[in-house]
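The points are grouped by topic and follow the display below.

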Amino acid sequence: MVLHTVGKPLVLEERPDPLPGPQEIRVRVEACAVCRTDLHVVDGDLPDPKLPIIPGHEVVGVVDALGSGAAPALGTRVGIPWLGHTCGQCSYCASDRENLCDYPIFTGYTRDGGFATHVVADSAFAFPLAGFEDAISTAPLMCAGLIGWRSLRLSGDGRRIGLYGFGAAAHILAQICRWQGREVYAFTRSGDQEAQQLALSLGARWAGSSEQMPPHLLDAAIIFAPVGALVPQALRAVCKGGRVVCGGIHMSDIPRFPYQLLWEERQLVSVANLTRGDATEFLALAPKVGVKTTTTVYSLARANEALADLRAGRFQGAAVLIP
């Protein structure tokens, strides 16, 4: 499923199977989850995608061809995330901050992604998935899970955690927070009873509208919804010294707000991409937690429908495409 023009539907095309180059693998795609970042690419919220581009960066599949010097072995199930390659030489890479690399390559944005039957990836940025038996339930872990985990790490060690936008990332993160013994407070679109019920079923202490204040001040809040107006709202909801983490790659403009909301050593930070270390940590943790994803399955040819349903909030959890 190919994006030729930003703002236009994806087009179903048949191409020769791609060939891996040196240090690359080809993966037969079993499942690819649909991320809000895919929506930002298609809708033009992210500038200068490589066009034409095959979106998709929450890929699970089996290695079926190897370039020279590449690992893992043929037949290995792997996951392919958003961060597809880094230069390894800039100041960020040299200081263990490869997520901020000056010359990155992103899966489904600057190199073809997983809305396809096959995808080529840098073998150093594909993660073996031994023990993850169900490709459909695993696919959302490759971005919603990974960026949620990085967001949680940046939020600190507080006990009361607010999650604004209870979609793919938040429904995974809620399970991790509860396993860690934290209290989860879920914030959804006004009137979204289904999302609130999902949050409560996953152990949230409270669920309500993003316009509401929680019953207790929060130690930290993570914003997954791409809505800048939630920033001052979340700052109001955190305690002194609390932290608000913006977990998305794109957000609408943040409105003006009084300095009083930031005072008393509250912090506002953003999350950018992920490191391979984040993936190693999270993929080791998820089976211990017993993370279970809520998914809605679409055939590959229905990718435009999946994107439209995500845009409109017509499902809970994550959409997953099956070739």
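**Ser 209 and its surroundings**

The side chains of Ser 209 and Glu 211 form a polar contact of 2.3 Å; such a contact is a pair of N or O atoms within 3.5 Å, where within protein one must be able to donate a hydrogen and the other to accept it, and residues adjacent in sequence count only if both atoms are side-chain atoms. The model is a predicted one, in which local features need pLDDT of at least 70, side-chain atom pairs count only at pLDDT 80 or more, and totals for chains, interfaces and linings use all residues. Residues are numbered from 1 along each chain as its sequence is written, and side-chain values use heavy atoms, with hydrogens and water left out.

- Ser 209 belongs to strand β10, residues 206–209; helices (H or I, at least four residues) and strands (E, at least two) are DSSP runs, numbered from the N terminus.
- Ser 209 counts as buried because its relative accessibility is 8%; buried means under 20% relative accessible area, exposed over 50%, and partly exposed in between, with a 1.4 Å probe and protein chains only.
- Apart from residues up to four places away in sequence, Ser 209 touches Phe 187, Thr 188, Ser 190 and Gln 196, where contact means heavy atoms within 4.5 Å.
- Ser 210 is placed in the loop between β10 and β11, and a relative accessible area of 8% makes Ser 210 buried.
- With neighbours within four places in sequence set aside, Ser 210 contacts Tyr 164, Phe 187, Thr 188, Arg 189, Leu 230 and Gln 233.

**Strand β8 and its partners**

- Strand β8 spans residues 160–164 and is mostly covered, with four of its five residues buried.
- β8 pairs with strand β9 (residues 183–188) in the parallel sense over five bridges; two strands pair if DSSP finds at least two bridges between them.
- Within β9, Glu 183 stands opposite Arg 160.
- A right-handed β-α-β unit is made by β8, helix α5 (residues 168–179) and β9; a crossover is right-handed if, with the strands pointing away from the viewer, the path from the first strand over the helix to the second runs clockwise.
- β8 also pairs with strand β11 (residues 218–223), in the parallel sense and over four bridges.
- Gly 162 has Ala 221 of β11 as its bridge partner.

**Helix α1**

- Helix α1 (residues 36–43) is largely enclosed by the rest of the structure, because six of its eight residues are buried.
- The buried residues of α1 are Thr 37, Asp 38, Leu 39, His 40, Val 41 and Val 42.
- The cover over these buried residues includes β1 (24–34) and α9 (303–312).
- Gly 44, which follows α1, has a positive phi near 85°.

**Backbone geometry**

- Most residues other than glycine have a negative phi, and most peptide bonds are trans.
- The peptide bond that joins Leu 51 and Pro 52 is cis, with omega about -5°, and Pro 52 sits in the loop between α1 and β2 (58–66).
- A cis peptide bond also runs from Ala 71 to Pro 72, with omega near 10°; Pro 72 is in the loop between β2 and β3 (77–80).
- Gln 23, a residue other than glycine, has a positive phi near 65°.
- Gln 23 is in the segment before β1 and counts as partly exposed because its relative accessibility is 43%.
- Asn 273 is not a glycine, yet its phi is positive at about 60°.
- Asn 273 lies in the loop between β13 (267–270) and α8 (276–289), and its relative accessibility of 14% makes it buried.

**The chain as a whole**

- The protein chain contains nine helices and 15 strands.
- The C-alpha trace spans about 55 × 40 × 40 Å along its principal axes.
- Of the 323 residues in the protein chain, 55% are buried.
- Among contacts with a separation of 6 or more, 69% are between residues 24 or more positions apart.
- The accessible surface of the protein chain is about 13700 Å², and 52% of it belongs to carbon and sulfur atoms; accessible areas come from the Shrake-Rupley method with a 1.4 Å probe, and for residues only the protein chains shown count as cover.
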